[in-house]
Structures are given as C-alpha cells and as structure tokens.
Amino acid sequence: MSAVVTRFAPSPTGLLHAGNYRTAVFAYLFAKHYDGSFILRIEDTDRERSKPEYEANILEALAWLTLAADKQYRQSEHRARHRALLEKLIADGAAYVSKEIPKNPGDKEEVIRFKNPKGAVTFADVIRGEITMGVSDLGDFIIARSLDEPIFHFAVVVDDADEHVTHVIRGEDHISNTPRQILIQRALGFVEPIYGHLPLILCNDRTKLSKRKGAKALTEYRDLGILPEAMLNYLAFLGWNPGDEREYLSQDELVKDFDLLRVHKGSAIFDETKLFSVNQHWMRTLSDAEFIMRGQLVAQDEEALRKAIPLLKERAHTFGEAREMLSGELGCLFMEPTITRSKLVEKEPAAAQQAGMTKSALEGLLEPIKALSEGVTAKAVKEVVMPLADAEETKGKGGRGGVLWPLRYALSGQERSPDPFTLIAILGPKESISRIQKAIAILE
RNA sequence: GGCCCUAUCGUCUAACGGUUAGGACGGAAGCUUCUCAAGCUUUAAAUCCGGGUUCGAUUCCCGGUAGGGUCACCA
C-alpha cells in the first residue's frame, strides 16, 4: 500500500478563517497519523483575484498552527503540464474548444469545454459512504478559459494525480464538484483518490462560516493572544473526538489518535467562548517564564510581573486579555493607585461617618505589616492580617470587611482586585506601608 | 426550484440494538470569601416528527419536517 498523501489547497484570494484551517488540520493529522505526507498547494489559477499578501497570510497561519508541509508549491507553476493535458484531452476528443457569447465582463469568446458523457457518477466517501450523482445536468462544463488558463476543476484533478494525492480531504461544499472532477480524471486515465468530505463549520446563524458574516481571519486569533496549541486542539475537536473523554490533546496526541472514520457527518458551530476556555487551559500549562515570553508580557517592574503571573493564569483567557489586565485591573501592582476617601470608608457602619474606625483599622495594620520581610508569601501575610480582621469582627464593628476592604482598596484603588494578602506579597511590605499611610492621611 | 448532505442538552460531543442517554463549554445554586478571579460541590438542560424491523431502538429501514451545501469563463 502506497504512503498516504493529503493536501491543503487554499486559494490566496482572501484571509482564511478557522473553518478553512480546520480542513488543513484534518488533512495534516490524517497524513501524519499514517506517516504520510502533507502538501500545501496554493491554488492561484485565478490570476485576477490571487494576491501575494493573502498567500503570505496563509503561510504565516500554517506556520503558527505548526502544520508543516512536506511540499509546497503554487498551482501556476504547473501551467505547462496543465496545457499539455488540455491539449491531450482535445486531441482525444474528450474536450473541445467552444465559441461563446460572453455574458460577463472578462468572459472569453472561446473556452474549452469537457465533453460530458452523461449518466451518473458514484464515488466512495470515507466519511459519508457512497454518493451517487447524476451528471447530465452539468452539460459540457468549462474546464479552461484557454490553454493557459485552466479552471479549478481541471487543475485540481491534474495536480492531485501528479502529486500522488491518495486522500482528498476537503469541505462538504465540494461534494457537488466531485462528479465532474471524477469525469475529468477518467478521461485522463488517472486513478481515483479516496474522498473525505468534512462537515462544514458554521456561524451562530447556522450558515457557512464566512468573513462576510464576521468570521475572524485565523491570524486575528493569533493576534488576540490565542495559543496555537489551543487553536489546533479546538479545531481538531470540531467534528472529531478521540472516542474517550479527554478534551485537551497536544499535537502529538492528536496525530496519534486522529482518524477520518471518527469524523462527524453533521456540521458544527464555531464557538469562541469554548475556544477561549481551551486556550485558558493551555495557557495554564505554561511555566511562568514561558507565559511571559509567549504572551509578550512587559511591565516596568519585572519582579512584580513575575509575581503577577499566577494571577494572570487564573484570570486571563487570552494573552491579549492578560496584557490588558497588566495596565487595567492589575495595574496597581506596577503603579500607585489614586484613592478616594468615600470609597475607603465604604464599609464603615452608617452610624460613624467620621471614618474613625477605618482609620484605626488601617493604623492597626501598620506595625504587623512593617514586621514582614521582603519576599513574604501571600499565605504568610494572611496569617498575620487575618487575625486582626477577625478581632474586628468579634468586636462587632463591621466584620472582617471593616479591615480588609479599606486595606485592599488602599493598596489597589480598585473595587475589584485580588485579595490584599496577595497584593502585599507582590508589592512588598515597604510599598504596602507607603500606600496604607497615604490612605490614613486622606482620613485625617 | 433541481441535485446532494445532515439531524443527541444552548454549544462541542459520547453511547458501533439493551446505559439512570455520559463528558466538556456555557448557565444556575451552594461552599470559600471584604471585592473580583480561581477552586470545590450540587444542579437544570438533549435523542426533530411519524411509521416500520426487532423481545428491545439514539443506533437499522422508509416517509415527512427542519437546517445546510451546491448549481460561475471563483476556488
């Protein structure tokens, strides 16, 4: 049995989205699972619409997803071969030059049509079983605009045969193209590859994913701070699963377990929320150093940044979000916050508006915190501070919150933030004292 | 409209005739807790409908219905 060869054949006529790349993922995983090869063919036969920047984007996206092609070429490089076979088909009488009345601007007055043998074509699809389609209605379909301008159907058939592609793995939207391609194959005497038509990836409205409907280019997710291993994992699980209850698989594991036979027939909706949650999982598997590097995280205080990583790991779903947090809700770790008196005394019982209780609570924290050493852990801080807060609670003066709220607010300047123990551990006792003293000053 | 494909919780899916129809994401509740986040626990939530076949259908067959794809001198 010959080695498995699959291909991904995008046309560089736009930015490709997750649905397009899911096809690449499956073709890649299938080939690699069987130790075969994966070919990238840029289908640039449409000279008008093909653009170098789109091709560059495809290359970038594939590299990001770590889907390495064993071979890569542009379809236009095979023009001579296409021309030769077109001539052969015409010589054989299987195709002919046809005079046309141009219907649209750009239409040729002469094209090459394939002589349709009529009848029906049946082919086997690994995912769907046998499919039979009548072919008469197609008429003598066009296979080239001229000897040097083959149309998709023709170029695909020739290239797949020449590259010894054994499995044509592509989207379900190609099912109706398959019969005419098989007709061309037969006329050329090529062996028929095995087909596997993947279910489509849909938008929320259940129609084919498309840029027009707001589907992001795959590279946008990269820019948002999605990890390639997360995207790969998520994409692989759209229409496939390993058959057990594992949800997070690495590329190696995917290659090991992937099989076309377990691919679904029904289409799936692309769910960004789930993608983000998968991404969070993969972010959490990173070491703190990797997290900083791969997330391209920067902060004035590198030491504080390092200490803030665990916080980011529990909060951020993407690196973009992590970067925002560093200057947003976690900004207090790097910059002194501005605080207001009214927020500071928010937990003060209504009876005592003089802020006296808050002030004394903060003052009571000064000495114990001062006694802490630099590099103290959040747990150790809690052991010192919590008893003080508990004491307030037993005195019935507003509970722990009477101490913890002003403390946390003095340190963070935020209504919502990590707990004060963690804050002190990251800021260090010295900076913490400084902030608490400023809060006390406001209450004078 | 013709042709083709498809159909399990809101979403991704498991269950190759026999399960209390399982898991994950999301949701809700509780615990924890000064807040947020996380974590832990609990919970709601599905076999499109109708016929067959069978002792027994999510599963096999047929018919509906619904959704999708495709009908270019694009790919």
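**View 1. Ser 360 lies in helix α14, which spans residues 356-370.** Helices (H or I, at least four residues) and strands (E, at least two) are DSSP runs, numbered from the N terminus. The model is predicted: local features need pLDDT of at least 70, side-chain atom pairs count only at pLDDT 80 or more, and totals for chains, interfaces and linings use all residues. Residues are numbered from 1 along each chain as its sequence is written, while chains are lettered from A and ligands numbered from 1 in the order in which they are written. Ser 360 has 16 other C-beta atoms within 10 Å and is therefore partly exposed (buried means 20 or more such atoms, exposed 12 or fewer, and partly exposed in between, with C-beta atoms placed from the backbone). Between the C-alpha atoms of Ser 360 and Ser 417, 57 residues apart along the chain, the separation is 23 Å.

**View 2. RNA strand B is surrounded by 60 residues.** Each has its C-beta atom, placed from the backbone, within 6 Å of the strand. The closest are Glu 43, Phe 152, Gly 266, Gly 401 and Asp 419. Elements giving two or more residues to this surface include β7 (129-134), α9 (272-284) and α16 (401-412). Helix α16 gives the most, with 4 residues.

**View 3. Helix α1 (residues 18-33) packs against helix α7 (residues 228-236) at about 85°, with axes 9 Å apart.** Axes are lines fitted to C-alpha atoms, for helices over the stretch in contact, and angles run from 0 to 180 degrees between N-to-C directions. The helices α1 and α7 are therefore roughly perpendicular (65 to 115 degrees; under 35 is roughly parallel, over 145 roughly antiparallel, the rest oblique).
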